[in-house]
Number of protein chains: 2
Amino acid sequence: MVKYIKVLQGRICRRLESLDGHKFSRKIWKRESGGGGTSKYLQNGNIFEKAGVNISVVHGLLDHKLASLVHSDSDRFRACGLSMILHPVSPRIPTIHLNVRYFELEDGESWYGGVIDLTPYYPHPEDFIFFHQVIFEACERVKKNSYSEFKLNCDRYFYLPHRGEMRGVGGIFFDKLHADNQIHFELIKGIGQSFFDSYIPIVRKREGESFSQQDKKFQLIRRARYVEFNLIYDQGTKFGLGSGGSSESVLISLPPEAHFISYWQPDSGSPYARMLEYYKPQDWIYFTVKENY
Amino acid sequence: MVKYIKVLQGRICRRLESLDGHKFSRKIWKRESGGGGTSKYLQNGNIFEKAGVNISVVHGLLDHKLASLVHSDSDRFRACGLSMILHPVSPRIPTIHLNVRYFELEDGESWYGGVIDLTPYYPHPEDFIFFHQVIFEACERVKKNSYSEFKLNCDRYFYLPHRGEMRGVGGIFFDKLHADNQIHFELIKGIGQSFFDSYIPIVRKREGESFSQQDKKFQLIRRARYVEFNLIYDQGTKFGLGSGGSSESVLISLPPEAHFISYWQPDSGSPYARMLEYYKPQDWIYFTVKENY
């Protein structure tokens, strides 16, 4: 897994650099109580306003609070993972998040977790359908009937109860899949590959599209919801900040700019009012996408 | 206390309207499980980019999670409070936060809490000294030797452990002061009055000062830390979002715009590098402020 995430980090960064034209910077950090990581980030790019592709390989003792976050009584762990988050300049290109991780406790239990989810800011339902179809196929190829469970997990996880809405249009989320089963590592590799197959075509389709100041404003308002989710609810952020990792590396997930406007409502009939309807769980794979990605 | 916060809300809003030239809007909300509140807010004003002055009067049952937040086994409560947060346009004018509250449990225990703290974005140490001197006097007038304890509470509370820095330059914070002691209500009134005596003179002194784009950029970066604090650590925000209040009303505290820039560092010798030195606990009341406020 350590080797896999290192290779994946390199592949992702090279692909994004060739799209964006800017190079990633790199920060290496050590964790006092064991291990460390390599954060690669790009800010103020041509396509990506902020991009972070981080890997970490850590080990040590879980304190009581962290142990309860991973629902465990054991207190020695080893973990590694890759986290990626891309915040594009253009509101016509969605934000994407990818995470694959491995976690091992001293008593021998070990498992994989993985997430890929999309947060768009403009009502292009064909993009959301395409995204879900690609990850549907990535799941079903490895494990029959796995997508619907993982998709439901994702809808439930990226949810803001105080708003009654999802962060984006979901994706898939699995956790605690036992690492002694080779199929589960295949799922990890499937989710990694699905980023290239689903997101890159959407970027290429949308990068030339012009957008209005209203589009940008809506993106900035929705990015504030992204911040709310990540700082109030996200378990990865809590674990990262609480486990002595690099807080800059953890918080690279936050959008570069966000507008916290109170009591905001879209004009009825606007693309933004339509977009709000998509931040609700729905079935994506029974549609047919005719367009070329 | 209910009467006091209603009068205080009116007084604050009138004072701010006369400074800003814009009027507050009002939202009344009801809480399903008992009570409600009145939120007054102003966005895109001349002086205040976002201002919220909220009162709430609520009652009901504490669920297990909320009971642990207030460290109680009892499960029926009544509470009321006023929360104010002002985010000025100009980075030369600090953000200010004021909260006074009353909490009562079924078994008869009841107490007051209060906070006033300042978050500046430009190194005007004379303003920070003036602010602390006013609140020092407000405390000492009512209760001898109370300031230093309340000031220490505040330094400890408005602290971002993952950054190793304070949110601003502190102020005072007290909680669980028994409401059967009349002196504690006098402290509440003192903290309310101290807002007018400390903050308004700072606004009037700084409102005419011009500022640079660099000043504004630093303010936007520091406002992101404000968001981090409020969403990750603030107990009032957790209680507000978890107790079925109005989430828009709770989140009015968030700055209108924030920049989450990763690995940002100020140029050495810049005003921003100097300002960072002030986000550390320090003694303010042994200075003399010569300037006129």
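Two strands pair if DSSP finds at least two bridges between them. Strand β10 (residues 257–259) of chain A meets this condition with β10(B), the two running in the antiparallel sense over 3 bridges. Helices (H or I, at least four residues) and strands (E, at least two) are DSSP runs, numbered from the N terminus.

This is a predicted model, in which local features need pLDDT of at least 70 and side-chain atom pairs count only at pLDDT 80 or more, while totals for chains, interfaces and linings use all residues. Residues are numbered from 1 along each chain as its sequence is written, chains are lettered from A and ligands numbered from 1 in the order in which they are written, and side-chain values use heavy atoms, with hydrogens and water left out.

**The interface of chain B and chain A**

- In contact (heavy atoms within 4.5 Å) are 29 residues of chain B and 29 residues of chain A.
- The size of an interface is often given as the accessible area lost when the parts come together.
- Here the two chains bury about 2,600 Å² between them, 56% of it on carbon and sulfur atoms; buried area is the accessible area (1.4 Å probe) that two parts lose on being put together, summed over both.
- In chain B, the residues that lose the most area to chain A are B:E248, B:F260 and B:Y263, together 31% of what that side buries.
- The count of salt bridges between the chains is 2, a salt bridge being a side-chain nitrogen of Lys or Arg within 4 Å of a carboxyl oxygen of Asp or Glu.
- One of them joins A:R163 to B:E248, with the closest N and O atoms 3.2 Å apart.
- The elements of chain B that give two or more residues to the side touching chain A are β2 (35–43), α6 (213–233), α8 (247–250) and β10 (257–259).
- From α6(B) comes the largest share of that side, 4 residues.
- Within the β10 pairing, A:H259 has B:E257 as its bridge partner in β10(B).

- Strand β1 (residues 25–30) pairs with β2(A) in the antiparallel sense over 6 bridges, and the bridge partner of A:S25 in β2(A) is A:Y41.
- These two strands form a hairpin with 4 residues between them, and A:G34 in the turn has a positive phi of about 135°.
- Strand β3 (residues 48–61) and β2(A) pair in the antiparallel sense over 9 bridges, with A:K40 opposite A:V53 in β3(A).
- The hairpin of β2(A) and β3(A) also has 4 residues between the strands, and A:N44 takes a positive phi near 60° there.

- A:K216 lies in helix α6 (residues 213–233) of chain A, and A:K216 is buried because its relative accessible area is 14%.
- Leaving out residues up to four places away in sequence, A:K216 touches A:E49, A:V89, A:P91, A:F211 and A:R223.
- B:E17 belongs to helix α1 (residues 2–20) of chain B, and B:E17 is buried because its relative accessible area is 16%.
- Apart from neighbours within four places in sequence, B:E17 is in contact with B:H22, B:K23 and B:F24.

Notes. Buried < 20%, exposed > 50% of the residue type's maximum accessible area, 1.4 Å probe, protein only.
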